[in-house]
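Please read the points below alongside the coordinates. They are set out one by one so that each can be checked on its own.

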Amino acid sequence: VLILLGVFGFVVSAYIFMKKRRGQKVVCPFRGSCDRVITSRYGTFFGISLEVFGMGYYALIVLYHMLFLVSPFFSQSFFLYIHVVLSLGAVLFSLYLLGVQLFVLRTWCTWCILSMLVSIGIFGFLLTGYQLTLPVILEEFTRVSTIAHLLGVSLGLGAATITDIFFFRFLKDYKISKGESETLDVLSEVIWVALGILFISGILLFIPKADVLAESGKFLTKIVALVLLSLNGFALNLIIAPKLIELHFAEEDTVETNELKRLRRLAFALGAISLTSWYFVFVLGSLRGVTFSFVPLISIYVVLLVVAI
């Protein structure tokens, strides 16, 4: 089943890739605008078309399971761990793209939705097939997941700090130029990668110790902060920032408008939430061996956000 899903996902991604490469229109079987979605600025990540990532991921899924069938060497826990990481990452990235279609572009790409469902199917079958052994395998690689978690915090903290410094500086003249926008886009992609690493490693750390971590005030507060960071980043980088750029180019001779004022204030507030949340997550992760209850921690976090805004 996993091999068949991988082949189907590869065909979907390859279809989009060939249509884009030839400059042909992508047919949407259902309502929506596939062309608008796949040719938008969100159709690439670090300058690479998303369907290329899709083809690479699905090809790895097919190759791994074919090797798994012919050689016991590929049944080792290390390969399963990598499989879980990639599959979980594909699901989270698909949900991010779904959010872009729903809240930013406000239109659908049938093929993108289909690819998302295939990714969810692969991850679901993976969990079903290894539901008994998965916690044991993930516990075996706890140290790897912990290192990845620390890497995600460090990467996100650094990128968020630089992004906010640049963002506040760029907004001083009430304008974000095209060059400044491209700089912020790259930093934004780094932050999304950091959030992805944090969510993936956090889930991998949670599964083997679900009973303990479900009662941990630090862990629960960190989850709240990460969810808020994701929603905040989505609003700031995908909704507010593009509007600021559009206003600037639409009214190039106007120094300031009421709409620009409102968006600028909102951007500063969201930037403050971003920076405060990243540093809060960093400090929480640094306080190892120290236990806190959820209510006091979340209260401190809320107070810090209000002060920052």
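Predicted model: local features only at pLDDT ≥ 70, side-chain atom pairs only at ≥ 80, totals over all residues.

1. Helix 12 covers residues 294-308, and its 15 residues reach 21 Å from the first C-alpha to the last, which is close to the 21 Å expected at 1.5 Å a residue.

2. The buried residues of helix 12 are Leu-297, Ile-298, Tyr-301 and Leu-305. Viewed down the helix axis, these buried residues fall within an arc of 95 degrees, so they line one face of helix 12. The face turned away from that buried side carries the exposed residues Val-295, Val-303, Val-306 and Val-307.

3. Helix 11 (residues 258-286) and helix 12 have axes that come within 9 Å and cross at roughly 145 degrees, and the crossing is right-handed. On the side of helix 11 the contact is made by Ala-272, Ile-273, Thr-276, Ser-277, Phe-280 and Leu-284, while helix 12 contributes Leu-297, Ile-300, Tyr-301, Leu-304, Leu-305 and Ala-308.

4. Elsewhere in the model, Ser-87 is found in helix 4, which spans residues 77-105. Ser-87 has a relative accessible area of 0%, and with the cut-off for burial set at under 20%, Ser-87 therefore counts as buried.

5. The side chain of Ser-87 is joined to that of Tyr-57 by a polar contact of 3.3 Å. When neighbours within four places in sequence are left aside, Ser-87 is in contact with Tyr-57, Ile-61, Ile-122, Phe-123 and Leu-126.

Key: Residues numbered from 1 in each chain as written. Heavy atoms only, no water. Helix = DSSP H or I, 4+ residues; strand = E, 2+ residues; numbered from the N terminus. Expected span 1.5 Å × (residues − 1). Buried < 20%, exposed > 50% of the residue type's maximum accessible area, 1.4 Å probe, protein only. Arc of directions from axis to C-beta. Polar contact = N/O pair within 3.5 Å; in protein donor to acceptor, adjacent residues only side chain to side chain. Contact = heavy atoms within 4.5 Å. Axes fitted to C-alpha atoms, helices over the stretch in contact; angles between N-to-C directions. Left-handed = near helix turned anticlockwise from the far one by under 90°.
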